[in-house]
Amino acid sequence: MATSYSQWKYDVFLSFRGEDTRNNFTAHLYDALHCKGINAFIDADKLRIGEIISPALLSAIEGSRFSIVVLSENYASSRWCLEELVKILECKKTKDRWCCPFSIRDESVLIKEIVSMLLNELLSTPSSDAEDQLVGIGSQIREMELLLCTESTDVRMVGIWGMGGIGKTTLAQAIYNQVSSQFEGCSYLEDAGEDLRKRGLIGLQEKLLSQILGHENIKLNGPISLKARLCSREVFIVLDNVYDQDILECLVGSHDWFGQGSRIIITTRDKRLLMSHGVRVVYEVKKLVHTEAIEFLGRYASKQQIVIDEFMELSNSIITYAQGLPLVLKVLGSFLFSMSKHEWRSELDKLKDTPHGRIQEVLRISYDGLDDKEKNIFLDIACFFKGEDKDHVIKILDGCGFFAVCGIRGLIDKSLITISNNDKIVMHDLLQEMGRKIIRQTSPKEPGKRSRLWIYKDAYHVLSKNTGTQEVEGIFFNLSDIEEIHFTTKAFAGMDKLRLLKFYDYSPSTNSECTSKRKCKVHIPRDFKFHYNELRYLHLHGYPLEQLPHDFSPKNLVDLSLSCSDVKQLWKGIKVLDKLKFMDLSHSKYLVETPNFSGISNLEKLDLTGCTYLREVHPTLGVLGKLSFLSLRDCKMLKNIPNSICKLKSLETFIFSGCSKVENFPENFGNLEQLKELYADETAISALPSSICHLRILQVLSFNGCKGPPSASWLTLLPRKSSNSGKFLLSPLSGLGSLKELNLRDCNISEGADLSHLAILSSLEYLDLSGNNFISLPSSMSQLSQLALATFLQTHKRSDMLGTVVPGSEIPDWFSYQSSGNVVNIELPPNWFNSNFLVSKIPLLLTVIMSSIIILACINRVRSPLAGVWIHLVYSSEDVSDNNPTMIQYISPPPPPRSTLLIEDIDEEGPSGSPCSNEDLFICHEAKPEERKTLVRKLLECFCSIWIDLLHSRNGSTSMDNNYEIP
């Protein structure tokens, strides 16, 4: 097995007899190796006859990847040389090291052969572990691990500091991938500084909690104390690219916000930011040394037919220029190695004209190799679209005539951008700044003559001083930094090539959504006009007029967004905008009617979220044959879903949650054959149309809080039991074979509802029936073989029942503790009763068990027709047996040190064959009710918050001892 390069201190160890070859062959060989960038070890001290070999030489042999033995006339007469040879052969045998002896012949030919052979080995032998894939940072990973010291139970914050492009993010990602699984919860906030600009501090808190707790799309009404949520949890957090102190104060304010053993990593270019926040442990990322850079560039050379000498010449030139920055090596290496020798020498000559200390100028070389359309795409991304959705950006830039699909591919191939796992466009800060600098240099003193404006002061100058010219193609203007501004027709008069226009309000201290108290900062006259012909992207957040200008007809427009506007009617009559694909009128609370859709038939996304005065959707909605996303969320005055929606053959996501007056679906709703996600939470829906069975690819169906009209309940959806139950086999849900998630929480489902037909949902993975008014479940639920989680939180107000159902009905094979009977005893550690253990460890035990079995726990009683597991928490001075387990009492002082968790298979009667009763409690009934409920609530809070992460361990082996590990 090949060993990681990162552990080698030297490429090659030279063993020789000094008096024979030190000043001739060996010296010449060493010089040749050094010239080719091969790191060779040579003993600099002259040999002293009879002295034993030094530990330093033994260490050098062990730390060298290769060994070369120069066999000269007197080599064997040296005890020192022979001891070296023994050590070399020992390493070859036990550690699979490469060793080659040579006898001196034609010196020049032999040296050339040795150098060529070593270079081929260095460049061709692949590595096999993770450090080898992260060239040059293996030692840095180990140094960071020492600083983190994950074995310690204290809370630590560690900063990773260095200049842009040096590899801070790469190092943080490597550490995160390696150790995050050891923690109860983890979060990686990539590019936190950019996220702050887009989401605000509340948005960052939402994202952090969503990742740590494993719940998507957590929404907060305002800033909260993360300490209250996380102080009992052992978490691992990475905040990447932090440049604002508010991020640290909001997300990782103090060490006591987090549970014992937590670790926080912060990457930044600003060391002062770390110091001011009290982060005393700071790791400075190192540049790549010469050998690491050679190895790095070898990946690009291996893809091309290039001879060794040319590779070394080109590599050494690049390395000298890049000065150890990995990003520069990546950018230059990705295209120079594809050139001929004549071409790359010409490019290297061009580099000499650029100051060596200015890395951004180095990156300009890649930009100069783009064609005109690729350059425009690069500059638009650098100035406007970094971090945006790739497909969305492609459609906007395609509308500009840039052939964005192949253009984006070209930028990826040239290492100018990458695409994240969630399809966002990623561009390094150095590359972004290089692109923006290119724009600024076109007109250093007058921004009105630049093609793109994104800096507040530049845009404000141009729009307030009326200095815009036909050079201006795009303006992105952040309104959060101004009190108010008045725009005039004259301000835009000269900008007849304007493609992209965006006014937005992203204040770091507030949500991006508008509020009822938001002041209008933009004043636009009613007769306002500007050049529309070239416009592709129009985003006017908080647009203050009731209508768009009457002559508004941008025939090339792709994206129209008027979020949080005062628009009442977008336009009158029909506007033909056949290139329009995206329309966002969200939170335009005065909007009373949607436009006629006849002239915008190519629309793909329509967002009407929060249009609270909207009473009717225009019946021409059905012409939108390409519409894939439609949101009517919180359109509270809307009473009906138009029948024309049934004609939307491409619709994949439909959201009308919060439309509290909508009571019915259109009868032909099942015609939406491409529908994958349907959200109807908090509506007055009480019945499904029979045609819903035709939604055969529907994956998500949510009716959270749908109690129906006051006189109705969800018994109309879930038929009552009767003696003729066979007629319910073809219930409305029978055709939903692809359904994975079903949410019927708080839907007023009563005990009489027949839930048995839910068993036909063969693909169901998640089921939420909590908040309803029933106690028992049908036995047919066990047929849901794909079910990962079903929750029944307080499904009956008299029983306070908590249930979590996952596939299986017995203790799983992977569970470490097994028993010949139906009871498993687990001895708990002596300190189990302290608060830290109760709040963190026991929920982990419960969660691991529930990965493939049923757990039913309650405050007053447990009851279920399903087989499952009964959990007793007991203590005793002796081992716990199957009979008469003593239930733990909530007492002070703590119980005796010998304690056991008893897990027992149950049937309908209860544990050990006895009926379940109010005396069989998770926490003993002798405890005071308020104490019992408080403790159980704490346990269940932790239990619910970590189940998602640990469910993934269901197929691995699990250790449940004091130092348990979960794969």
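Student: In which sense do S6 and strand S7 pair, and over how many bridges?
Tutor: S6 and strand S7 (residues 235–239) pair in the parallel sense over five bridges; two strands pair if DSSP finds at least two bridges between them. This is a predicted model, in which local features need pLDDT of at least 70, side-chain atom pairs count only at pLDDT 80 or more, and totals for chains, interfaces and linings use all residues. Residues are numbered from 1 along each chain as its sequence is written, and side-chain values use heavy atoms, with hydrogens and water left out.

Student: What is the bridge partner of Tyr188 in S7?
Tutor: Val238 is the bridge partner of Tyr188.

Student: What is the strand order of the open sheet?
Tutor: The order of the five strands is S6-S7-S8-S5-S9, with parallel pairing. Strands here are DSSP runs (E, at least two residues) and helices likewise (H or I, at least four), numbered from the N terminus.

Student: Which are the edge strands?
Tutor: Strand S6 (185–189) and strand S9 (281–284) each pair on one side only.

Student: Changing topic, at what angle do H18 and H19 pack?
Tutor: Helix H18 (residues 372–385) and helix H19 (residues 390–399) pack at about 125°, with their axes 12 Å apart. Axes are lines fitted to C-alpha atoms, for helices over the stretch in contact, and angles run from 0 to 180 degrees between N-to-C directions. Contact means heavy atoms within 4.5 Å.

Student: Which residues meet there?
Tutor: Ile377, Asp380 and Phe385 in H18 meet Val393, Ile396 and Leu397 in H19.
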